[in-house]
Amino acid sequence: MDLEAAVIKRTKYKLRDFIKLMAGGITPKITEHDKYYSNSTDGVPFLRVQNLAPEGLHYSDCKYINKETHNRILKRSKVFQGDLLIKITGVGRMAVTSVAPEGFEGNINQHIVVVKTKKPELNEQIAAFLNSDIGEMLATHRSTGGTRPALDYTALRSIPIILNDNISDIMKKAYIKKKEKEKESQSLLDSIDTYLLQELGITIPSEEKNTLESRMFYVNSNKVVGGRFDPKKYSKKYQNLFSSIEKVLFPKKRLKDLLIDSVSGNWGEEDTKTDENLISCLTIRATEFDNKYNLNFDNSRVKYRKYNPVVYEKIKLSPNDILIEKSGGSNNQPVGRVAFIEKEIMENKVLAYSNFIHKIVINETEAIPRYVFEYLRLIHNIKITEVMQTQTNGIRNLIMEEYFNLFIILPDKNKQKTIADEISKRRKQALDIEKQAEEIVKKAKLQIEKILLGDTL
């Protein structure tokens with residue numbers, strides 16, 4: 001028996017039987033940011049697909065709209081406590097559903113619908129079913145479109161729903177355990193910067209109170225003449241930060257003096273182009289830079305591009321290469337993230353990197369590449385690259401000349417290796433714990449499948 005028939009045999013309900021009102025939002029023009037958008041203090045949460053999760057809403061990358069936009073342009077798609085929020089467009093899992101938490105008020109873009117039901121007390125059960133693998137398969141079967149699948153309202157309404165008192169409780173307990181594991185994993189990741197700072201003897205200056213006096217500073221003209229005038233770069237905060245690195249007693253060399261190669265990326269040509277001489281490559285973009293571990297090749301997002309052999313020969317990647325994000329960034333994240341090319345990453349992949357990325361190759365007689373990677377990652381995390389960027393048309397660009405002039409602290413190679421190995425160990429432990437968290441949810445979903453369908457399939 002196929003899945004649809006098995007589910008219909010167990011229920012008389014479809015999602016439409018519970019719907020009182022369903023509405024989708026829109027995305028106000030980003031180019032008119034001041035007119036429509038706001039901040040987390042004064043604005044209203046504007047939810048996008050990345051903010052939805054089966055365990056609840058994520059706010060880490062949430063945008064905010066102003067109250068006028070919320071109450072006028074988007075008044076039909078307002079979200080309140082207890083409403084169902086369902087993903088209807090985009091790659092990855094379809095019909096991901098969240099229940100708006102207690103006291104919530106917000107809004108949504110066009111890739112989500114808000115559903116107000118006739119029986120809100122059943123919303124947790126409905127959400128648990130739609131988030132199950134069974135619900136996801138039923139939704140995917142109804143979706144249309146290739147590169148960007150979508151569920152129209154009619155298709156969404158037609159999804160059969162099995163109600164069960166137990167499944168939402170099972171998933172809630174699983175998500176609580178998952179969150180505990182994720183907290184443990186994040187604690188390990190957070191310890192990495194502290195460990196590296198301690199090993200190198202770097203003391204991060206404490207933040208001064210935001211007063212008029214703390215914002216005033218003086219700079220000798222000889223430091224500014226002939227260079228880039230950026231008040232932030234010469235502020236007390238950043239001068240103290242640079243000074244804390246200069247005071248370290250270990251030897252130092254400028255990054256540019258450690259390199260044997262330095263090459264900007266290339267966006268290549270469409271992968272659909274038919275030319276036997278072109279080489280098809282998985283092309284690394286800033287999207288693949290994982291702020292937790294290293295690179296994340298999510299199959300739903302990766303891009304393949306084609307390159308002529310001459311271009312590919314220049315930008316091809318090898319183990320121990322370091323990639324630098326030279327364009328991109330966001331309001332809360334300066335440009336300058338780094339990624340490390342490990343041998344395992346290259347297995348069964350032909351890799352290249354986009355024009356927003358820059359490759360450097362470390363001279364291994366001067367330094368251990370993985371150590372340099374960890375040091376550059378620290379430099380980004382403590383926001384030093386924030387004063388090495390310009391912004392044009394909403395895109396931040398790393399000033400490569402300044403970046404290559406960075407001082408790299410270089411203890412002896414034995415210590416470099418010890419540091420790199422310890423950080424790798426902690427990162428692997430964190431990843432293993434996160435996998436355990438995912439396994440908890442996976443087992444809970446299997447349990448739910450047995451409750452809902454038994455041995456029907």
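The model is predicted, so to speak of local features requires pLDDT of at least 70 and side-chain atom pairs count only at pLDDT 80 or more, while totals for chains, interfaces and linings use all residues. Residues are numbered from 1 along each chain as its sequence is written, and side-chain values use heavy atoms, leaving out hydrogens and water. Helices (H or I, at least four residues) and strands (E, at least two) are DSSP runs numbered from the N terminus.

**The sheet with β2 and β7**

- Four strands form an open sheet in the order β3-β2-β7-β4, and their pairing is mixed; two strands pair if DSSP finds at least two bridges between them.
- At the edges are β3 (63–65) and β4 (79–80), each of which pairs on one side only.
- Strands β2 (residues 44–47) and β7 (residues 105–108) run parallel and are joined by two bridges.
- Across that pairing, Phe 46 stands opposite Asn 107 in β7.

- Val 79 lies in strand β4.
- With a relative accessible area of 0%, Val 79 is buried; the term means under 20% relative accessible area, with exposed over 50% and partly exposed in between (1.4 Å probe, protein chains only).
- Leaving aside residues up to four places away in sequence, Val 79 touches Leu 85, Ala 100, Phe 104, Glu 105, Gly 106, Asn 107, Ile 108 and Val 114; contact means heavy atoms within 4.5 Å.
- Val 79 and Val 115 are 36 residues apart along the chain, and their C-alpha atoms are separated by 8.8 Å.

- Three bridges link β5 to β6 (residues 97–99) in antiparallel fashion, and Leu 85 stands opposite Ser 98 in β6.
- β5 also pairs with β8 (residues 112–117), antiparallel and over four bridges, with Ile 112 of β8 as the bridge partner of Lys 87.

**Helices α4 and α5**

- Buried residues of helix α5 (residues 133–142) are Ile 134, Gly 135, Glu 136, Leu 138, Ala 139 and Arg 142.
- Their cover includes α1 (3–10), α4 (123–131), α6 (153–157) and α14 (413–453).
- The axes of α4 and α5 come within 4 Å and cross at roughly 70°; axes are lines fitted to C-alpha atoms, for helices over the stretch in contact, and angles run from 0 to 180 degrees between N-to-C directions.
- The two helices α4 and α5 are therefore roughly perpendicular (65 to 115 degrees; under 35 is roughly parallel, over 145 roughly antiparallel, and the rest oblique).
- Phe 129, Leu 130 and Asn 131 of α4 make the contact with Asp 133, Ile 134, Gly 135, Glu 136 and Leu 138 of α5.

**The sheet with β12 and β17**

- A second open sheet of four strands, also mixed in pairing, has the order β11-β13-β12-β17.
- Its edge strands, β11 (269–270) and β17 (351–353), each pair on one side only.
- Strand β12 (residues 279–284) pairs with β17 in the parallel sense over three bridges, and Leu 282 stands opposite Leu 351 in β17.

**Cysteines**

- The whole structure holds zero disulfides (pairs of cysteine sulfur atoms within 2.5 Å).
- Cys 62 counts as buried at 13% relative accessibility, and Cys 281 is buried at 0%.
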